[in-house]
Amino acid sequence: MISGDLSEGFLSPVVGAVMELLARYDGPLAGKRVVLLGLEGPLKAIFQSLLEREGVEVSASQWNPDALQKQVRQADVLVAMGTGPVALPQTCFKPGMTLINCGPAVTPGAAWKRGAGFSVGVEQRVEAESWAEIGPLSAALRMQNVVKSFARWAEQQRYRPWTLRPLKLQPLSPVPSDVEISRAQVPKPIWQLAEEVGLLPQELEAYGRSKAKVGLALLARLRHQPNGKYVLVAGITPTPLGEGKSTVTIGLVQALSAHLKLNSFACLRQPSQGPTFGVKGGAAGGGYAQVIPMEEFNLHLTGDIHAITAANNLVAAAVDARILHEATQSDKALYRRLVPTINGVRRFSAIQLRRLQRLGINKSDPGALTPEEVSSFVRLDIDPAKVTWQRVIDTNDRFLRKVTIGQAPTEKGHSRQTQFDIAVASEIMAILALADGLADMKARLGRMVVGSSRSGQPVTADDLGVTGALAVLMKDAVKPTLMQSLEGTPVFVHAGPFANIAHGNSSILADRLALKLVGEEGYVVTEAGFGADIGMEKFFNVKCRASGLRPDVVVLVATVRALKMHGGGPSVTAGLPLPREYTEENLKLVSEGCSNLKKQIEIAHLFGVPVVVALNIFKTDTQAEIDLVCRVAQASGAEAAVPCHHWARGGRGSVDLARAVKEAAAWENGFRFLYSLQTPIAEKIRTIAQKVYGADDIELSPEAQAKIDYYNQQGYDTLPICMAKTHLSLSHIPDKKGVPTGFILPIRDIRASIGAGFIYPLVGTMSTMPGLPTRPCFYDVDLDPATEEISGLF
């Protein structure tokens, strides 16, 4: 059976030529008899199907004399493929019968009325209509098929308008738990969502039913498509009470897409397993504004963090293995093993040739190196005391903050002290978030500095020979993961660098893909981690420098109860009821806490970007408290201040916020960076400390100053700054709420992520490995073996 729309496929040129000729037949084809002679297989089936659609009576025949004569006598049209040995008398052909030769050139027979001879062994001249040779026509149709095929391909490459069909949401009161809400909604199949937002099937790599990787070829396909509006969600200084930036992000895009019918994408970071099983729990949003399925969002997702962990620890293993082998082998033995003879041939690998070039050795024959060149090539001479690369694990584990490695007898006494960082603090995570493609990511991985040689020269991953292997481990992680919100609006989840340790933003690639997909009138809402002084400042000074993208508006998230804590409210303890200051009206605490909100608005204005304040409403907030915050926000320069009810109502509860964002994003803004890259390292740090944090000055430890001198010597002084500082205060002291003043910011150490492309000072006692609390979240996590249902995670 042949079915389908002819406009979606291509006819065989031969079939097309025959149908073109039959279209010239005198009178309608319906009711005529056509004999197909010598046709087999698909060609016969196609002919028969097409002719029967025209109401033609079709019969097929082979080169059998008796059966053929009977069929030909009744035929109005004879379509023949090839030649046969059968001789047909003139009496077989009724007057006006059409003969069409679909085969190759045949032995000339009697001359027919319309051109060259058509012979099926006919011994006599027969007066009948015929087109003797269809070759030129089929050739023309073949060329036409090529043109049509290219035109279709070109049409596919164009931007596709969205056909988004939101999922219905029926909020309940009281609001159920996050996981109950998530499980009550059935997400669309991921291929359906992809089609609705203009993705092509070949651009999607499904990971089950509800998530998929999106290929980076999309950027090339839509390279001429204008970007949509770029919206950043940041927040006031975080408190244990939570501000809800992810919830606001999801609520905003649900409002934009599902209710205002504007294309919008949310771009979120992938949560780390550390806080998921530690204190914080999940990071998929909450209430009726969250990413679904939330269990998949919070656990493993598509394995990107695992790929980062594997790649990071491969580098660590390569560093210590190289130190051991160089310490225990001669130059000759090292060279023999690094450049072995395989099948009688000895050659350098590509990455080894790159190292030779960096050393100024322009030779490609392993046998041509002098002893001095061999020694220079094989010895990285890494100083064990100056190794800066740490191992990582995606678990909060305070006992890995300092460890001793190399204590087995096989390590021959080559032990040293090192540490583990949490996986999301790995430079590879920062690279994933800042890379603009696979080639750029590979180049950045190769530039990562893992330590110094005894002569003070930086040693890179490329020197170790590990760059290609890292790229292989990371080749799938570089693609953003597509998911959806509760209302079926699209979400990109990609990368997860911590904001107090790294730059705290989702990937440039996710943002770029989303900006192309939403179109010129659409919106991409991306979230920066922690407060505006941390994630937002790094978004502007680090991420926007790397991406070249410019934001249109900042959404600054606040809550009444968090402002109360900044106003001097009592501390809270997990698991205990909130003090009454947070559950009853207290305008004094709110008013005093608004100092932090004012400061964060001021920070956004340092970069010339308009601000819309999103007040995330809780049921304990009073109208007087809400009105007070909104008045203060607008008096402090916010373009708008909007109470938001997305947690309880979904996108419908953030429609006013969406309208305010749309209005603010339409205005021209004077975006600018806080400092020039040519500014000295210490001055860049001082600028952030004074203008963003409100410090009087900075204090550099001797170790930090020595690092600055070294980075200046190595030419790293033009990199941007990525401060590693507590997120719980504008200062370096976590307990200092509100807007601390009169403090000196201590810089105890400075490190460099050369592959990622930034310098990161360590402020105060900042740790790169969190610890578990007395009662971690994992106490409540369980799995039902019968249903595989997860409980207690959220």
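Start by selecting β14 (382–387), β19 (449–453) and β20 (458–460): these three strands form an open antiparallel sheet in the order β14-β19-β20. Here strands are DSSP runs of E of at least two residues, helices are runs of H or I of at least four, and both are numbered from the N terminus; two strands pair if DSSP finds at least two bridges between them. β14 and β20 are the edge strands with a single partner each, so one side of each has no neighbour in the sheet. From one strand to the next the twist averages 50 degrees.

A word on what you have loaded: this is a predicted model, where local features need pLDDT of at least 70 and side-chain atom pairs count only at pLDDT 80 or more, while totals for chains, interfaces and linings use all residues. Residues are numbered from 1 along each chain as its sequence is written, and side-chain values use heavy atoms, with hydrogens and water left out.

Zoom in on β19 and β20, which run antiparallel and are joined by three bridges. Show Ser452 and you'll find Pro458 of β20 standing opposite.

Next, select β27 (697–700), β28 (744–753) and β29 (758–763). They make another open sheet of three strands, in the order β27-β28-β29, this time with mixed pairing. β27 and β29 sit at the edges, each with a single partner strand, so one side of each is left without a neighbour. Neighbouring strands are turned by 50 degrees against each other on average, direction ignored. β28 and β29 pair in the antiparallel sense over six bridges, and Ala752 has Ile759 in β29 as its bridge partner.

Which residues lie nearest the centre of the second largest pocket? Pick Val387, Thr388, Gln390, Lys707 and Arg751, out of 44 lining residues. (On a 1 Å grid over the protein atoms alone, a pocket is an open set of points with protein on both sides within 12 Å along at least five of seven lines; a cavity is a set where a 1.4 Å probe fits but cannot get out; lining residues have an atom within 4 Å of a point.) The pocket's volume is about 1000 Å³, volume being the space filled by probe spheres set on the points, which are joined across faces, edges and corners. Strands from both sheets show up again: β14, β19, β28 and β29 are among the elements that each supply at least two lining residues, as is α27 (702–714).

How many cavities of 30 Å³ or more are there? The count is one, and about 80 Å³ of space lies in the largest cavity. To find the spot, select some of the lining, including Gln270, Phe277, His300 and Asp394. α9 (273–277) and α11 (304–328) each give two or more residues, with α9 providing the largest share, three.

Finish with two helix pairs. α12 (331–338) and α14 (371–378) have axes that come within 9 Å and cross at roughly 65 degrees; axes are lines fitted to C-alpha atoms over the stretch in contact, with angles from 0 to 180 degrees between N-to-C directions. The two helices are therefore roughly perpendicular (65 to 115 degrees; under 35 is roughly parallel, over 145 roughly antiparallel, the rest oblique). Last, α1 (13–22) and α2 (41–53) pack at about 30 degrees with axes 11 Å apart, which makes α1 roughly parallel to α2.
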